[in-house]
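Have a look at it first, then read on.

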Amino acid sequence: MKKGSRFALGAAIGAVAGVVAGLLAAPKSGKETRADIKQKALEMKKEAAEKAGDLKK
């Protein structure tokens with residue numbers, strides 16, 4: 001695995017961990033927190049698909 005791709009993978013994992021930790025620490029109800037997690041997951045899935053498309057080029 002290339003050094004740059006390992007860094008990008010590590011940065012992505014770190015970003016996901018940060019988002020999850022921030023959402024879980026927020027003073028919201030469980031329903032609101034689950035909705036936020038779902039929204040962030042959909043955003044990150046879309047972004048990952050775009051990055052994968054860029055890497056294939």
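**A first look**

Ala15 counts as partly exposed, at 39% relative accessibility, where partly exposed sits between buried (under 20% relative accessible area) and exposed (over 50%), using a 1.4 Å probe and protein chains only. This is a predicted model, where local features need pLDDT of at least 70, side-chain atom pairs count only at pLDDT 80 or more, and totals for chains, interfaces and linings use all residues. Residues are numbered from 1 along each chain as its sequence is written, and side-chain values use heavy atoms, with hydrogens and water left out.

**Ala15**
- You'll find Ala15 in helix 1; helices are DSSP runs (H or I, at least four residues) numbered from the N terminus.
- The C-alpha atoms of Ala15 and Met44 are separated by 9.8 Å, and the two residues are 29 apart along the chain.

**The largest pocket**
- The largest pocket holds about 450 Å³ of space.
- It has 14 lining residues, and Ala8, Ala12, Glu47, Ala48 and Lys51 are the closest to its centre.
- A pocket here is an open set of points on a 1 Å grid over the protein atoms alone, where a 1.4 Å probe fits, with protein on both sides within 12 Å along at least five of seven lines; lining residues have an atom within 4 Å of a point.
- Helix 1 gives the most to this lining, with eight residues.

**Ile37**
- Ile37 belongs to helix 2 (residues 30-56).
- With a relative accessible area of 33%, Ile37 is partly exposed.

Technical notes. Helices (H or I, at least four residues) and strands (E, at least two) are DSSP runs, numbered from the N terminus. Grid points are joined across faces, edges and corners, and a volume is the space filled by probe spheres set on the points.
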